Amino acid sequence: MDNIGQIVSVRIHNQSYNIRAGDGNVARTMRLAELVDTRMNAIADESSTADSLKLAILAALHLADELDRLQQRLDESLNQLGRKRDDCIEALDKALEVKKP
């Protein structure tokens, strides 16, 4: 069954929302909603504000920070992998040159 565009009911910070599973992955959409709910509730527990909009913005900032840190780590890992690949290619080229008659 094609789930693209299927409406999913989720609950985030004690509010119900009907959102579209844009990529068709209903389970992923529900998991993402649960992630936002968990983050908003954790922030609410630690702060004095009950304003849902402020909590949503803070949760978005926390998630954006986490995403940015992970992206930086990925970029660093890819750069390191690229350098290692280049070193391997250079070593292989040198090894092949030595063996030429």
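Predicted model: local features only at pLDDT ≥ 70, side-chain atom pairs only at ≥ 80, totals over all residues.

Reader: Let us start inside. Which residues make up the largest nonpolar core?

Author: There are eleven: Val8, Val10, Ile12, Ala21, Val26, Ala33, Met40, Ile43, Ala44, Leu55 and Ala59. Strand E1 (6-12), helix H1 (26-46) and H2 each give two or more of them. H1 has the largest share, with five residues.

Reader: Why is it called a core?

Author: The name has two conditions: the nonpolar residues must be buried, and their side-chain atoms must join within 4.5 Å. Buried means under 20% relative accessible area. The eleven residues form such a set, so the label applies. In soluble globular proteins, nonpolar side chains tend to be buried together.

Reader: What does Met40 touch, leaving out residues up to four places away in sequence?

Author: Met40 touches Ile12, His13, Ser52, Leu55, Ala56 and Ala59. A contact here needs heavy atoms within 4.5 Å.

Reader: And Thr29: buried or exposed?

Author: Thr29 lies in helix H1. Its relative accessible area is 11%. The limit for buried is under 20%, so Thr29 is buried. Beyond residues up to four places away in sequence, Thr29 touches Val8, Ile19, Ala21 and Asp23.

Reader: His13 came up as a contact of Met40. How do you know whether His13 is buried or exposed?

Author: Check the number. His13 has 14% relative accessibility. That is under 20%, so His13 counts as buried. His13 sits in the loop between E1 and strand E2 (15-21).

Reader: Where is Asn14, and is it buried or exposed?

Author: Asn14 is in the loop between E1 and E2. Its relative accessible area is 59%. Exposed means over 50%, so Asn14 is exposed.

Reader: Now the surface. What makes Leu53, Ile57, Leu58 and Leu61 a patch?

Author: Patch members need over 30% relative accessible area and no salt bridge, and nonpolar side chains must join within 5 Å. Take two of the four. Leu53 has 57%, so it passes and also counts as exposed. Ile57 has 45%, so it passes too, but it is partly exposed. Leu53 lies in helix H2 (residues 52-98), and Ile57 is placed in helix H2 as well. Together the four residues have about 380 Å² of accessible area.

Reader: How many salt bridges does a search of the whole structure find?

Author: It finds five. Side chains of opposite charge can pair when their charged atoms come close.

Reader: Why is Arg39 with Glu66 called a salt bridge?

Author: The closest N and O atoms of Arg39 and Glu66 are 2.8 Å apart. The cut-off is within 4 Å, so the pair qualifies. Arg39 lies in helix H1 and Glu66 in helix H2, so the bridge ties together parts 27 residues apart in sequence. Glu66 is partly exposed, at 36%.

Reader: What about Arg69 and Asp65?

Author: Their closest N and O atoms are 3.0 Å apart. That is within 4 Å, so this is a salt bridge too. Arg69 and Asp65 are four residues apart in helix H2, which means about one helical turn separates them. Arg69 has 52% and is exposed. Asp65 has 36% and counts as partly exposed.

Reader: How do you know that Glu90 and Lys94 form one?

Author: Same test. The closest N and O atoms of Glu90 and Lys94 are 3.3 Å apart. The limit is 4 Å, so the pair forms a salt bridge. Both lie in helix H2, four residues apart, about one turn of the helix. Glu90, at 43%, counts as partly exposed, and Lys94, at 49%, is partly exposed.

Notes:
Residues numbered from 1 in each chain as written. Heavy atoms only, no water. Patch = residues over 30% accessible without salt bridge, like charges linked within 9 Å, V, L, I, M, F, W, Y side chains within 5 Å. Areas by Shrake-Rupley, 256 points an atom, 1.4 Å probe, with all protein chains shown as cover. Salt bridge = Lys/Arg side-chain N within 4 Å of Asp/Glu carboxyl O. Buried < 20%, exposed > 50% of the residue type's maximum accessible area, 1.4 Å probe, protein only.
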